[in-house]
Amino acid sequence: AGADRFTVVLDPGHGGIDPGAERDGVNEKQLMLSLAQTLADVLRRAGVEVVMTREEDVFVALETRVATAHQVQGDLFISLHADNLSQGGAKGATVYLLSEEASDIATEHLAARHNRSDIIAGADLTGSDDQVAQVLLDLARQETEPRSVALAEQLIAAMTAAGGPMNRRPLRKAGFS
């Protein structure tokens, strides 16, 4: 990413052997790849540089997705998912931000289900003690949180204005990798 370029890394969830949520014959992996391709086209037409973590139906490890974002020095990382929660009856779009603690129990369970590994800011913390992991998470969040919150609020406002079905609490936080 050049100094005058804004790079968005689009991460269509799941892929390959991991179908993600399935409902009425539709796989999350296929739906999110199609959405990411359409979004990439729109962003590129607007002059935004776009890198995708996968461009076909293949499995990409979480570590590789994170590494890709760091290698291209992405300014924004958007992971796209279409979850089908078995309990709670939650509906509509939600924007999730990185946080040490989940904003609610359902979000905590969702983060755990989405392969919450110890990858924070591109560092593989497997085997590291929790204190080191906590310090790195705090540093990453302090640097990016104000901009992340501002973007999340703009996304929610635009999606709401466009008439998209929104969750009753569309801004949530969790410890996603």
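# Reading contacts and burial in a predicted chain

Q: Which side chain has a polar atom 2.8 Å from the backbone nitrogen of Thr7?

A: The side chain of Asp75 does, at 2.8 Å from that nitrogen. A polar contact is a pair of N or O atoms within 3.5 Å; within protein, one atom must be able to donate a hydrogen and the other to accept it, and residues adjacent in sequence count only if both atoms are side-chain atoms. The model is predicted, and its residues are numbered from 1 along each chain as the sequence is written. Local features need pLDDT of at least 70 and side-chain atom pairs count only at pLDDT 80 or more, while totals for chains, interfaces and linings use all residues; side-chain values use heavy atoms, with hydrogens and water left out.

Q: Where does Asp75 sit, and what does Asp75 touch?

A: Contact means heavy atoms within 4.5 Å. Asp75 is in the loop between α2 and β5, where helices (H or I, at least four residues) and strands (E, at least two) are DSSP runs numbered from the N terminus. Leaving aside residues up to four places away in sequence, Asp75 touches Arg5, Phe6 and Thr7. The C-alpha atoms of Asp75 and Phe6 are 6.2 Å apart, although 69 residues separate the two along the chain.

Q: Is Asp75 buried, partly exposed or exposed?

A: Burial is read from relative accessible area: under 20% is buried, over 50% is exposed, and partly exposed is in between (1.4 Å probe, protein chains only). Asp75 has a relative accessible area of 43%, so it is partly exposed. Of the 177 residues of the chain, 30% count as buried.

Q: How many salt bridges does a search of the whole structure find?

A: Side chains of opposite charge can pair when their charged atoms come close. The criterion for a salt bridge is a side-chain nitrogen of Lys or Arg within 4 Å of a carboxyl oxygen of Asp or Glu. The search gives 4 of them. One of these joins Arg5 and Glu49, with an N to O distance of 3.5 Å. Arg5 lies in the segment before β1 (7-12) and Glu49 in strand β4 (residues 49-52), so this pair ties together parts 44 residues apart in sequence. Arg5 is partly exposed at 37% relative accessibility, and Glu49 is partly exposed at 25%.

Q: Which residue forms a salt bridge with Asp11?

A: Arg65 does, with the closest N and O atoms 2.5 Å apart. Asp11 is in strand β1 and Arg65 in helix α2 (residues 62-71), so the pair connects parts 54 residues apart in sequence. Asp11 and Arg65 are both buried.

Q: Which residue meets Lys29 in a salt bridge?

A: Asp57 does, at 3.0 Å from N to O. This pair links distant parts of the chain, with Asp57 in the loop between β4 and α2 and Lys29 in helix α1 (residues 28-45), 28 residues apart. Asp57 is partly exposed at 39%, whereas Lys29 counts as buried at 10%.

Q: Which residues make up the largest nonpolar core?

A: A nonpolar core is a set of buried Ala, Val, Leu, Ile, Met, Phe, Trp, Tyr and Cys residues joined through side-chain atoms within 4.5 Å. The largest one here has 12 residues: Val8, Leu10, Met32, Leu33, Ala36, Ala40, Leu43, Val48, Val50, Met52, Leu76 and Leu80. β1, α1, β4 and β5 (76-80) each give two or more residues to this core, and α1 gives the most, with 5. Apart from residues up to four places away in sequence, Met52 touches Leu10, Pro12, Leu33, Ala36, Gln37 and Ala40.

Q: Which residues of α2 are buried?

A: Arg65, Val66, Thr68 and Ala69 are buried there. An arc is taken over the directions from the helix axis to the C-beta atoms. These residues cover an arc of only 155 degrees, so they lie on the same side of α2.
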